Every structure is written in C-alpha cells, then in structure tokens.
Amino acid sequence: MRKIFTLFVVLTLFVATSVGRNYEGYYTSLPVEMAVPTLPTIPDNSVSVTDFGGVGDGLVLNTEPFARAIAALDKMGGGHLVVPAGVWLSGPIVLKDNIDLHLERNAILLATPDRTQHLKEGKTLTFISASKRKNISITGEGVVDGNGEVWRPVKRTKVSDTEWKRFTRMGGTIDEKNGVWYPYDLTHLANIAEGAKKQEKLRTHLVRFTDCENVLVSGVTLQNAPKFHLIPTRCKNVVIDGLTVRCPWNAQNGDGIDLSSCRNVLVVNNMVDVGDDGICLKAGAGASGEKYGPCENILIVDNTVNHAHGGFVIGSEYSGGARNIVVRGNTFSGTDTGLRFKSGLGRGGVCENIYISDIYMTDIVGEAVIFDCTYENRAVGAEGEVAAKSSAYAPQFCDIHISNVVCRGCELPVRSTGIEGYRTVYGVTITSSTFFHTGPVAARVDAHSEIEITDCVFDTW
C-alpha cells in the first residue's frame, strides 16, 4: 500500500504541473506573428530508476538502470522517469518518444568521469540525447552535471596559480608553447584518443536534441558541460523555461543555450552564467546550413545572463538564416559583450525580422552591441594563419531593430566591422536607448556597415 500511495502522489504532481503551464501570455503584442510552441504530451505512467536497480550513492554506474527504465516506459507508450534525491553516476542516456526525465530536488545526475563509457565506435555520445523523437522533456529541480573538467583544455592565462596547480595535480599534458593544459594522460583516467589535441576534438555536449518535436526543458540546473550545455538542433516546438545553466567563466566553448535551425521556440525565465556565449542562435555553415534552414519564430524573454562572451548572440555559423526573432525584457550583467552578432565568409546567412527591445545591461566588459563579420572560429591551441574562406555565404546582418536598451557600464556602446566588397551589415537600427561607456568614443562603425542610430543618449565620465 505504501508504494501505491507514493506513486499516486507523484502522478498527481505531474498532472498538476502540466495543467499549470500557460505560455500564451508571452505571445501578445509581438512585432511579428508567431505560434505558441506545442508542449509535449506525456502519459501518466511513472517509474523510478530505483525500480530497475539504480543506486544513487555516487559510486555505482547507473547507465543500464536508466536504459532499462526508458525501455520499460517505451513499452507502456511513455511516461515519467523519476530520479530521486541522490548522486546518480551514469554514462550516456538516450530518451525515446513520450518520455519525461524528472529530476527531484537534491537529485544530481552526474556524467561518469570514465570517458571510455561515453565512446561508441570511435565517437563520443552526448550525455543526454534524443534524435527524431516526439514529446520529450527534462523537468524537476535537480541537477545534470557533465563532469566537464575531465574533458576541457585550460588556458594558463585564464586561471590563477592555485587553479593551475589543481589541474596539474590531476596529471594531464601541458602545451608549453601555447600555455594550455589538456586532460590527457590523467592520473586516474584512461585516454580515448592518440594525442591531446585529437582527444580534445572528441568533447561533446551535455544535452542535445536533434530533429525532435515538442520538447520541454524546465526547472533543472545544467552545469559543467564538456562543451555546450543545451543544444536543440533542427527541432520544432521547444520550450526552455526556468533553467539554471552554469559552468566556470573560463570553460572553453562553454556555451549555455544554443539553438540551431530550430522553429517555434520559447526561451523564458532562465539564468545563464557560462564560459562562452549565453543564449545563441545558429543555423549551420555553408551548404549544409542552408539545407537545414533558419532559426525561425524564436521568442527570448525574461532571462538573465551573467558571465558569457555574449548575452544574446547570432552566429558564428548561420548560413540557414535567422528570421522572426524577438528578444525582449532580458538582463545582461557582467557579460563580455551584450548583443553579439558574429560571422565570417563561408559561415554567414540572412537575417529577417529581428526585433530586440527592453534590454538592461550592467558591467559589460567590451561592447554593448557588436557586429563582427570577420570572426574566425579557432580551436584552442591552434597555430598559424586560418585558411582563406570561400566568398560564398557571406554574413548579412540586416533587418535588425534594437530599441529601449539601457546599458550602465561598457567600454564601447556600438562597434561594427563589415567586409570590403560585401554588403554585410545594413538595415540595422538602434533607437531610444541610453549607454554609459568608459571608453573614449560612443561608436566605431566602419565604412562597410550601415547602421542608423537615432534618439540615443551616450554618456561617459
């Protein structure tokens, strides 16, 4: 009887939570027409990972219990996989149709540091993933931790002496010339590639959904990814609500939330504090990006980004384009840049109907608004000149309208660098905004950029 009562309480909680979600209010008075994303429909079945031999003691590997639980739910037509309080060590977890991974308060789902457990046929697997699935979610109040320190290289210039000593005590390999520590030849963990730089290229993401429909990620904390934290790719109907996304400020490629060629997305009420871009839109590079199409019908509202290379970002690869994007009511505090648009030849696309408003920034290290059409994606420790890119797929940052920005503290309010011979920055407006800057000038806009700045106040010391 006790077990039945517990199950009843859990099911009641799930039903109440599902009914309580209402996102339609965010879609009123938008400057472009968007459909509200369709939420996943999850059956009321519920199992616990403990029912399949799971042990949350931080020692037992739970990859197989998670796989058995998901298989059982799949046979039922879907349902909720409950992860109770504990430290649940696991290898990769693959979700199926109609399944909700629910992390209760004080549940920590921890990627095993044994990198061999993440390797299959010479490729590394994302810690939590789904491909070509419908109606999937990750919910609750728990934590997903990627154990990123056993994957990420570290630049000596970005850590203190104390931190550097902590890394080197793990073993590893130091590239003295470039001042980089690699987690290769660690004292207690096996390598999975021949050479530090080859192993570095095997870093993967924490949570990735590919070609999925009706996706919800809500309430949980995503932290310490080997690379990006959350990356829906070519997905339709996605809601990302109330997450905490965090990693060390100096984590290489530690992006927070990256959307790639997704449609009908709401990103709301999240807190992001990461080592690279905070909330970012991508759409592939070159012909493949064009094939997969744009980031389209994206609403990003009521989020806070603390440390990040950019608070809101488009690029660097977005050859599929970006259109019908609304970013409003967000706070960026302590980011390297605020609104960041970056790309280069061979990686660019076309922007259409981009509306950004009511953005509040403090303590921005560099630019509040930056357009960079000469961006190069250089791997950590890379040497020599970057090869010349094809003239195809030049970036076109156009039809972008920025208004009602309040920025207290940045070095430079506006910077734009276009490309000679190309029309790369045009149809951009910045209106009704105030900027307090610490640098000597308010804007550096080169001759290859067309930006209209009106009704703005620039102040300095």
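These legends describe close-up views of a predicted model.

**View 1. Confidence along the chain.** The model is predicted: local features need pLDDT of at least 70, side-chain atom pairs count only at pLDDT 80 or more, and totals for chains, interfaces and linings use all residues. Residues are numbered from 1 along each chain as its sequence is written, and side-chain values use heavy atoms, with hydrogens and water left out. The mean pLDDT (the predictor's confidence in each residue, from 0 to 100) is 93. Of the residues, 93% reach 70 or more. Residues 1-20 have pLDDT below 50. Beyond near neighbours in sequence, this stretch has 13 contacts (heavy atoms within 4.5 Å) in the model. Residues 384-388 also stay under 50. Here the model has 3 contacts beyond four places in sequence.

View 2. Strands here are DSSP runs (E, at least two residues), numbered from the N terminus. Two of them pair if DSSP finds at least two bridges between them. Strands of a sheet pair through backbone hydrogen bonds, either parallel or antiparallel. In this sheet the pairing is parallel, and the order is S5-S10-S16-S19-S22-S25-S28-S30-S32-S34-S37. Strand S5 (93-94) and strand S37 (443-445) are the edge strands. Each pairs on one side only.

**View 3. S10 beside S16.** Strand S10 covers residues 128-131, and strand S16 covers residues 207-210. They pair in the parallel sense over 4 bridges. Ile128 has Val207 in S16 as its bridge partner.

**View 4. S33 and its partners.** Strand S33 spans residues 397-410 and runs parallel to strand S31 (residues 351-362), joined by 8 bridges. Tyr360 has Val406 in S33 as its bridge partner. S33 also pairs with strand S35 (residues 425-431), in the parallel sense, over 6 bridges. Val406 stands opposite Thr434 in S36.

**View 5. A nonpolar patch on the surface.** Val55, Leu59 and Val60 form this patch. Patch residues have over 30% relative accessible area and no salt bridge; nonpolar side chains (Val, Leu, Ile, Met, Phe, Trp, Tyr) are joined within 5 Å, like charges within 9 Å. A salt bridge is a side-chain nitrogen of Lys or Arg within 4 Å of a carboxyl oxygen of Asp or Glu. Together the three residues have about 260 Å² of accessible area (Shrake-Rupley method, 1.4 Å probe, with only the protein chains shown counting as cover for residues). Leu59 lies in strand S2 (residues 57-61). Leu59 counts as exposed because its relative accessibility is 69%; exposed means over 50%, buried under 20%, partly exposed in between.

Notes: Buried < 20%, exposed > 50% of the residue type's maximum accessible area, 1.4 Å probe, protein only.
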